[in-house]
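Thank you all for making the time this morning.

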Amino acid sequence: MSTAFHKVIMGLYDFLKECFSGFWDYETPKVMVVKNRTLGVIYRAVQFLVITYFIWYVFISQKAYQDSETHPDSSIYTLMKGTAVHGDDILDSVEYASPSEGGDVISTLLRRDITYDQKQGTCAEYYKVENANCSKDADCVPGEVDFNGHGRRTGKCIQYYNHTFKTCEIQSWCPIEEYAVVREPALVEAINFTVFIRNYIHFPKFKVLRGNIEDSLGKRRKRKYLNKCQYNEETDPYCPNFRLGYIASQARESFSELCRTGGVIGVFINWDCNLDLNPSYCKPTYSFRRLDVRKDEDNSGYYYRFAKYYSKNGVESRTLIKAYGIRLDIIVHGQAGKFSPIPTIISSVTAMTSVGICTIICDWIMLTFIDKNEVYSDRKFDEVREIASAFELSYIGSFGSNHSDLSDGVPL
């Protein structure tokens with residue numbers, strides 16, 4: 001038992017001694033020219049891929065030689081413009097835009113469902129509300145409030161307006177919306193309404209401020225231009241006026257369908273600025289996309305309710321309006337880059353270091369798949385111990401050179 005234990009201890013000692021001794025060894029690369037056409041083609045192909053990746057993608061596409069800023073400061077001002085004839089009424093932006101002057105969110109009314117002359121009182125609950133249908137008073141619990149309903153139940157079972165069936169009586173604004181609502185036709189003229197979007201973006205790191213309105217125009221010419229222009233990507237890229245019809249078409253939406261259900265559309269303003277050029281080349285690009293989920297019919301679209309209150313015969317009354325419309329969310333993304341020596345040096349060193357991957361890959365291929373008779377491995381790895389005499393130095397200089405040439409004539 002003691003002999004086996006002694007062998008284990010000695011084996012562990014020899015292992016640790018060898019590791020300690022090897023820690024102080026010096027390793028240097030050995031240059032070996034392998035005249036093998038297949039391996040040479042693989043080596044140059046991998047080199048070409050690595051160099052192409054860094055030149056085209058890293059330096060040209062990603063501009064790795066630039067210092068960048070991706071969180072600029074931004075301000076947005078929006079204003080809806082347009083006038084529409086709706087029956088005998090003339091509607092302006094105060095009536096159909098909310099808010100009339102806004103920030104990064106603005107909406108416009110396209111269709112209204114109106115419930116006139118609602119008053120505080122008692123009336124029949126909507127028959128589609130859970131447990132609202134009844135046949136006797138005992139079916140209705142006094143004081144019960146259904147949060148999906150319209151009010152507090154009185155405990156009575158009454159006729160549902162001019163229908164033959166009955167529902168529970170509630171205390172609420174009466175008559176309820178679902179029974180007395182009047183649906184107005186859509187405001188089709190809204191397709192020509194325009195939304196004015198003014199955006200300024202500031203890159204503090206580079207001290208650059210840009211806006212989406214042309215700065216070179218004089219004050220009078222600018223005012224005249226802004227009153228008449230409409231945005232066009234080719235002819236008027238600096239015009240901040242966007243037709244609602246244009247926004248809907250760019251978002252691939254039917255304006256008539258938006259009038260029916262409403263919808264939320266994102267207006268994306270993207271600033272991608274190369275500040276190695278003149279800042280005047282820093283221009284915004286616009287894209288538009290529907291944001292609400294259209295597949296879910298119950299939750300898609302956009303609408304909101306508001307009421308107009310008045311006194312009629314000394315009784316407080318109101319007109320309830322359910323408004324369907326388009327809500328525009330203005331979302332700004334920005335990034336800017338400018339040449340800087342530090343990222344250039346880092347990227348260049350990374351590129352040169354990555355070229356060494358080619359040698360590692362080809363060494364692995366050579367030693368794993370080509371070197372079947374271990375001819376290459378015998379010449380690639382040499383162990384040179386401390387030189388004791390001039391004779392050994394001459395011997396190593398003749399036969400142990402760190403530059404070997406292996407031709408195709410070496411038998412494998």
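This is a predicted model: local features need pLDDT of at least 70, side-chain atom pairs count only at pLDDT 80 or more; totals for chains, interfaces and linings use all residues.

The chain contains 10 helices and 20 strands, and of its 412 residues, 36% are buried. If we take the contacts with a separation of 6 or more, residues 24 or more positions apart account for 69% of them. The accessible surface comes to about 26,400 Å², and carbon and sulfur atoms hold 55% of that surface.

Let me move to the annotation. Which residues does UniProt list for "binding site"? The unreviewed entry gives Thr194 and Lys322, and I would treat that with some care, since such annotations may be inferred rather than shown by experiment.

Thr194 belongs to strand 13, which covers residues 194-203. Is Thr194 buried or exposed? Its relative accessibility is 12%, and because the cut-off for buried is under 20%, Thr194 counts as buried. Setting aside residues up to four places away in sequence, Thr194 touches Leu79, Met80 and Lys81, and also Gln230, Phe242 and Arg243.

Lys322 sits in strand 19, residues 315-339, and with a relative accessible area of 13% it is buried as well. With residues up to four places away again left out, the residues that Lys322 touches are Arg111, Arg112, Asp113, Glu177, Tyr303, Tyr304 and Arg305.

From that list I would pick out Arg112, which lies in strand 8, residues 105-124, and which is buried with a relative accessible area of 15%. Leaving aside neighbours within four places in sequence, Arg112 is in contact with Lys322 and Ile321, and also with His86, Val182, Arg183 and Glu184.

Now to the cysteines. How many disulfides are there in the chain? The count comes to 5, and if we number the bonded cysteines in sequence order, the pairing reads 1-6, 2-4, 3-5, 7-8, 9-10.

Take the link between Cys134 and Cys157, where the S to S distance is 2.0 Å. The torsion about that S-S bond is about 100°, so the disulfide of Cys134 and Cys157 is right-handed. This pair links distant parts of the chain, with Cys134 in strand 9, residues 133-134, and Cys157 in strand 10, residues 152-159, 23 residues apart. Cys134 and Cys157 are both buried.

Cys140 is buried at a relative accessible area of 4%, and Cys168 is buried at 0%.

Then there is the disulfide that joins Cys273 to Cys282, with an S to S distance of 1.7 Å; Cys273 and Cys282 are buried. Cys358, on the other hand, is in no disulfide, and the nearest cysteine sulfur, that of Cys362, is 6.9 Å away. With 0% relative accessibility, Cys358 counts as buried.

My last topic is helix 2, residues 37-61, which has 25 residues and reaches 34 Å from its first C-alpha to its last, close to the 36 Å expected at 1.5 Å a residue. At its start, a side-chain oxygen of Asn36 reaches to within 3.1 Å of the backbone nitrogen of Thr38, and just after helix 2, Lys63 takes a positive phi of about 50°.

Which residues of helix 2 are buried? They are Leu39, Val46, Gln47, Val50, Phe54, Val58 and Phe59. As a reminder when reading that list, an α-helix has 3.6 residues a turn, so residues three or four places apart point the same way. What covers the buried residues of helix 2 includes strand 1, residues 31-34, and helix 8, residues 341-370.

That is where I will stop, and I am happy to go back to any part of the model.

Methods:
Residues are numbered from 1 along each chain as its sequence is written. Side-chain values use heavy atoms; hydrogens and water are left out. Helices (H or I, at least four residues) and strands (E, at least two) are DSSP runs, numbered from the N terminus. Buried means under 20% relative accessible area, exposed over 50%, partly exposed in between (1.4 Å probe, protein chains only). Contact means heavy atoms within 4.5 Å. A disulfide is a pair of cysteine sulfur atoms within 2.5 Å. The expected span of a helix is 1.5 Å times one less than its number of residues. A polar contact is a pair of N or O atoms within 3.5 Å; within protein, one must be able to donate a hydrogen and the other to accept it, and residues adjacent in sequence count only if both atoms are side-chain atoms. Accessible areas come from the Shrake-Rupley method with a 1.4 Å probe; for residues, only the protein chains shown count as cover.
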